[in-house]
Amino acid sequence: MKKNIELRPNLETLFGTRDENLHLLEDNLNVTIELKANAVQVDGEPSDVARVEQVFNDFEYLRAHGQLLFNGELNSMLRVVVTDPSTTLRGLAEAGKTRSVGVKRQVQPKSTNQRQYLEAIEQSDMVFGIGPAGTGKTYLAVAMAVSALLAKKVARIILARPAVEAGERLGFLPGTLQEKVDPYLRPLYDALYDLMEPEKVDRFLEKNVIEIAPIAFMRGRTLNDSFVILDEAQNTTREQMKMFVTRLGNNSKAVITGDVTQIDLPNASHSGLVEAMNVLQGVEGIRFQFFDEKDVVRHQLVQRIVRAYEEFRARDDRQLTLHLDADGVATAQEPPMNGNGKKKATVTVQQ
């Protein structure tokens, strides 16, 4: 089926740099798009052509109503549209506009999982966002919290993190308690300052409308009228996680984010996030949203790094055997990957 879509003024913005958005539509919707003198000709299956036409109509509607989409943002939105038939460009843009009332930056999902994550936060009182670094788990949660605060849906924001990073402890850090805590909570500050004017962030922090603290400070509290975020939840103990999820009060939401592949606890099996994934699955009112390397929104290299680590773990499931001789020399031996007679790898560590 071939369909001609009339070229309207300023429609070329939809095409993107070097027509990258048109190529995105072609590759993912199995259509061919050709530019004619006064039209765009789309060739493909009727349903696929209809989806392309919907994109063009939605873009024209948004432009006519004063909602301008720049290419980086537009390209990300189109990636969501082409992977999810139930999503439209207009629907995404209008939802993002609603979420971004009073926020310095528009809150837009850049993948289908991110869209589902935002919808889960809107619809559920407790949401777990679990996945690798760079997938927007924390930033989107903070953005939704800021949006809820500015829309007066909640009275305050509480951001918490476990103060355990790569074996370090607060007691070994110099300075006051606040100075000890701040380095652990810096990513949360960064997100706040990115989403709101610095003066407003400082005022909210000073008045405790926004509170940032280690998770240990949550014990014994009931958090009413609050949007509560627990970041780096993989580094909570089982006891800390149970304590945190039972703090939720009336008219409150909680978002718990973490990456189970980056656990810094001495015993990874004691992670509160790992236990919560097993215990709380299926509990009404709680949603789990999982991310993978396709959701990484940082540098493209980060996406490839995450994929490389996942592939490495998938193929390297061999067990190390540790031997300690009389001289205190530890020798770790692992069996060959297959039966081809490959020599055993041996790692020796002098204690």
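# Briefing on a predicted 351-residue chain

In this predicted model, three strands form an open sheet with antiparallel pairing, and their order across the sheet is β1-β3-β2. The chain as a whole holds 11 helices and 12 strands, and buried residues account for 45% of its 351 residues.

**Confidence**

- The mean pLDDT of the chain is 81, and 81% of the residues reach 70 or more.
- Over residues 330-351 the pLDDT falls below 50, although this stretch still has 43 contacts in the model beyond near neighbours in sequence.
- Where pLDDT is low, the predicted coordinates should not be read in detail.

**The open sheet β1-β3-β2**

- The edge strands are β1 and β2 (32-35), each of which pairs on one side only, while β3 stands between β1 and β2 in the strand order.
- Direction ignored, neighbouring strands of this sheet are turned against each other by 20 degrees on average.
- β1 and strand β3 (residues 39-43) run antiparallel and are joined by five bridges, with Glu6 standing opposite Ala39 in β3.

**The loop between β1 and α1**

- Arg18 lies in the loop between β1 (2-6) and α1 (20-29), and its phi is near 55 degrees, a positive value in a residue other than glycine.
- With a relative accessible area of 77%, Arg18 is exposed.
- Asp19 is found in the loop between β1 and α1 as well, and Asp19 likewise has a positive phi, of about 60 degrees, although it is not a glycine.
- Asp19 counts as partly exposed because its relative accessible area is 27%, a value that falls between the 20% limit for buried and the 50% limit for exposed.

- Strand β4 (residues 126-130) is mostly covered, with five of its five residues buried.
- In a regular strand the side chains alternate between the two faces of the sheet.
- Both faces of β4 are covered, with Met126, Phe128 and Ile130 buried on one side and Val127 and Gly129 buried on the other.
- β4 pairs in the parallel sense with strand β8 (residues 253-258) over five bridges, and the bridge partner of Phe128 in β8 is Ile256.
- β4 also pairs in the parallel sense with strand β9 (residues 286-290), again over five bridges, and in β9 the bridge partner of Val127 is Arg287.

**The helix pair α5 and α6**

- The axes of α5 and α6 come within 11 Å and cross at roughly 35 degrees, and the crossing is right-handed.
- At this contact, Gln114, Tyr117, Leu118, Ile121 and Glu122 in α5 meet Lys137, Leu140, Ala141 and Met144 in α6.

**Nonpolar cores**

- In soluble globular proteins, nonpolar side chains tend to be buried together.
- The largest nonpolar core has 35 residues, of which Leu192, Ile210 and Phe227 touch the most other members.
- Two or more residues of this core come from each of α5 (112-123), α6 (137-150), β5 (156-161), α7 (177-195), α8 (198-206), β6 (210-214) and β7 (226-230), and the largest share, nine residues, is given by α6.
- Leaving aside residues up to four places away in sequence, Ile210 touches Leu149, Ile157, Leu159, Leu192, Met196, Phe204 and Leu205.
- Apart from this core lies another, of 28 residues, among them Phe15, Val40, Val82 and Leu89.

**Lys294 in a loop**

- Lys294 is found in the loop between β9 and α11 (300-315), and Lys294 counts as exposed because its relative accessibility is 58%.

Definitions and conventions:
Residues numbered from 1 in each chain as written. Predicted model: local features only at pLDDT ≥ 70, side-chain atom pairs only at ≥ 80, totals over all residues. Heavy atoms only, no water. pLDDT = per-residue confidence, 0-100. Contact = heavy atoms within 4.5 Å. Buried < 20%, exposed > 50% of the residue type's maximum accessible area, 1.4 Å probe, protein only. Helix = DSSP H or I, 4+ residues; strand = E, 2+ residues; numbered from the N terminus. Pairing = 2+ DSSP bridges. Core = buried A, V, L, I, M, F, W, Y, C linked by side-chain atoms within 4.5 Å. Axes fitted to C-alpha atoms, helices over the stretch in contact; angles between N-to-C directions. Left-handed = near helix turned anticlockwise from the far one by under 90°.
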